Each structure stands twice: as structure tokens, then as C-alpha cells.
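This briefing goes through one protein structure by topic. Keep the sequence and the 3D view open while reading.

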Amino acid sequence: GQNLAVLNLQVSELESLLPSKSDRAKETLLSLRDGIGSLAQQIHQLSRQLHPAVLRELGLEIAVETECANYSEREGINVTVFSANVPEDLPDDIALCLYRVLQESLQNIRKHAQTKKAEVRLVRIENEILLAVEDSGNGFELKDARRKGGLGLVSMEERVRTVRGSVSISSRPDQGTLIEVRVPLERR
């Protein structure tokens, strides 16, 4: 990101050195500068997705609220969040797993649900933590989705399995989708 900022400054400096009659060169440099700015923004988003600092620094509950607020603003899909009794000392692998499942679920809503609202619940219930993501969108036939070989649902299930959790997916055409992830908090 810093290297792109320096490159952008160098492009601006080069632009200032061109004679005023070099309109085509200036247009090319302007386009290059815009491209660098766009690439810097994409790298920032990718970096946040790969290593969410908010998760490490503030915990899963705030990370979920922040992700949903950013998603709502970016995608125009209102996501309400309800959380309760979320342990602050949640193991890193469980927190990251649930965060990634949330991200994948939200992306699936954006791509497929054709809805303007969704709900996320993050709750500790006795010795497990529940993440539920529900939308009132298109829904789908689970068998058909599995047959098509999409990686989203499979990657969710694999990720949850690594923390000894379970995934339940309920969906029917025109009746929305509910994804529930349950992860035990006691290590065996």
C-alpha cells in the first residue's frame, strides 16, 4: 500500500513536468493515477479480509458488528445484528472460523438472495457459540446447490469442522436461507 502511494506521487510529479501541450500524455497519467488509487483500495480490502485486525484487537462480537455495518453500507442490504454472552476470551481459531463463515454467508446473500435485509445472531448458549445468518431472499434447493459444486458451502462446512463445530443450512426457494453454525467452547 505504501509503495503504491509513493508510485502515485511519482506519477503526479511526472505529470507536473510535462509541457502544457501534452494533453494526451496527461490523460494517460491521470488514468494511471486513478488505476493506482483503485488498486491501493483493493489491496486494503484484501488485506482486511485476510487478516482482520478488528477481530484480533477488539474481539469477535465487535468484528461481526463492524463487518455487518460495512457490508450494509457497501451493498445496500440492511443487516441487523443481535449478540449476547459472547466470550471475550474466545479461542482465535474459533473466532476466525465464525468470522469467515459470516463473510462467506454475506457474500452469498449479495450474490444470490436478491433481498434488502438479513439478520445475524451471535450468541453463547451454555457450552457452545451459535452464529446464525438468515435472509428472506430467493432461497435455494440444497441438493441442487451441492450438485452444482459451488465451493462456498463446502468451504464453510470444512472450516467449521476444523473447530469441531456443525453447520445447518435450511433453505427453500422463495423462502430465504438460514445458516446456523454451532461450535463447542470446551476443548476435549
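The model is predicted, and the values given here are computed from it.

**Helix 4 and helix 5**

- Helix 4 covers residues 60-75 and helix 5 covers residues 92-113, and their axes come within 10 Å of each other.
- The two axes cross at roughly 15°.
- Angles under 35 degrees count as roughly parallel, so helix 4 and helix 5 are roughly parallel to each other.
- The crossing of helix 4 past helix 5 is right-handed.
- On the helix 4 side, the residues that meet helix 5 are L60, A63, V64, E67, C68, Y71, R74 and E75.
- On the helix 5 side, the partners are A95, L98, Y99, L102, Q103, L106, Q107, I109 and R110.
- Sorted by type, the residues of this contact are 11 nonpolar, 2 polar and 4 charged.

**The largest nonpolar core**

- The largest nonpolar core contains 35 residues.
- Within this core, L60, L98, I129 and L131 have the most contacts.
- At least two core residues come from each of helix 4, helix 5, strand 2 (117-125), strand 3 (128-135), helix 7 (151-161) and strand 5 (177-184).
- Helix 5 supplies the largest share of the core, with 10 residues.
- Apart from neighbours within four places in sequence, I129 is in contact with V86, P87, L90, I94, L98, L122, V123, R124, V181, R182, V183 and L185.

- Y71 is in helix 4.
- Buried means under 20% relative accessible area, and Y71 is buried because its value is 0%.
- Y71 and D93 are 22 residues apart along the chain, and their C-alpha atoms are separated by 23 Å.
- I77 lies in the loop between helix 4 and strand 1 (78-84).
- With 6% relative accessibility, I77 also counts as buried.
- Beyond its neighbours within four places in sequence, I77 is in contact with Y71, S72, I109, R110, T115, K116, K117 and A118.

**S168 in strand 4**

- S168 is part of strand 4, which covers residues 166-171.
- The relative accessible area of S168 is 33%, and S168 is partly exposed.
- Leaving out residues up to four places away in sequence, S168 touches L178, I179 and E180.
- S168 and E134 are 34 residues apart along the chain, with 12 Å between their C-alpha atoms.

- Most residues other than glycine have a negative phi.
- N85 is not a glycine, yet has a positive phi of about 60°.
- N85 sits in the loop between strand 1 and helix 5.
- N85 is exposed, with a relative accessible area of 59%.
- R164, also a residue other than glycine, has a positive phi near 60°.
- R164 is in the loop between helix 7 and strand 4.
- R164 is partly exposed, with a relative accessible area of 33%.

Key. Residues numbered from 1 in each chain as written. Predicted model: local features only at pLDDT ≥ 70, side-chain atom pairs only at ≥ 80, totals over all residues. Heavy atoms only, no water. Axes fitted to C-alpha atoms, helices over the stretch in contact; angles between N-to-C directions. Helix = DSSP H or I, 4+ residues; strand = E, 2+ residues; numbered from the N terminus. Parallel < 35°, antiparallel > 145°, perpendicular 65-115°, else oblique. Left-handed = near helix turned anticlockwise from the far one by under 90°. Contact = heavy atoms within 4.5 Å. Nonpolar A, V, L, I, M, F, W, Y, C, P; charged D, E, K, R; others polar. Core = buried A, V, L, I, M, F, W, Y, C linked by side-chain atoms within 4.5 Å. Buried < 20%, exposed > 50% of the residue type's maximum accessible area, 1.4 Å probe, protein only.
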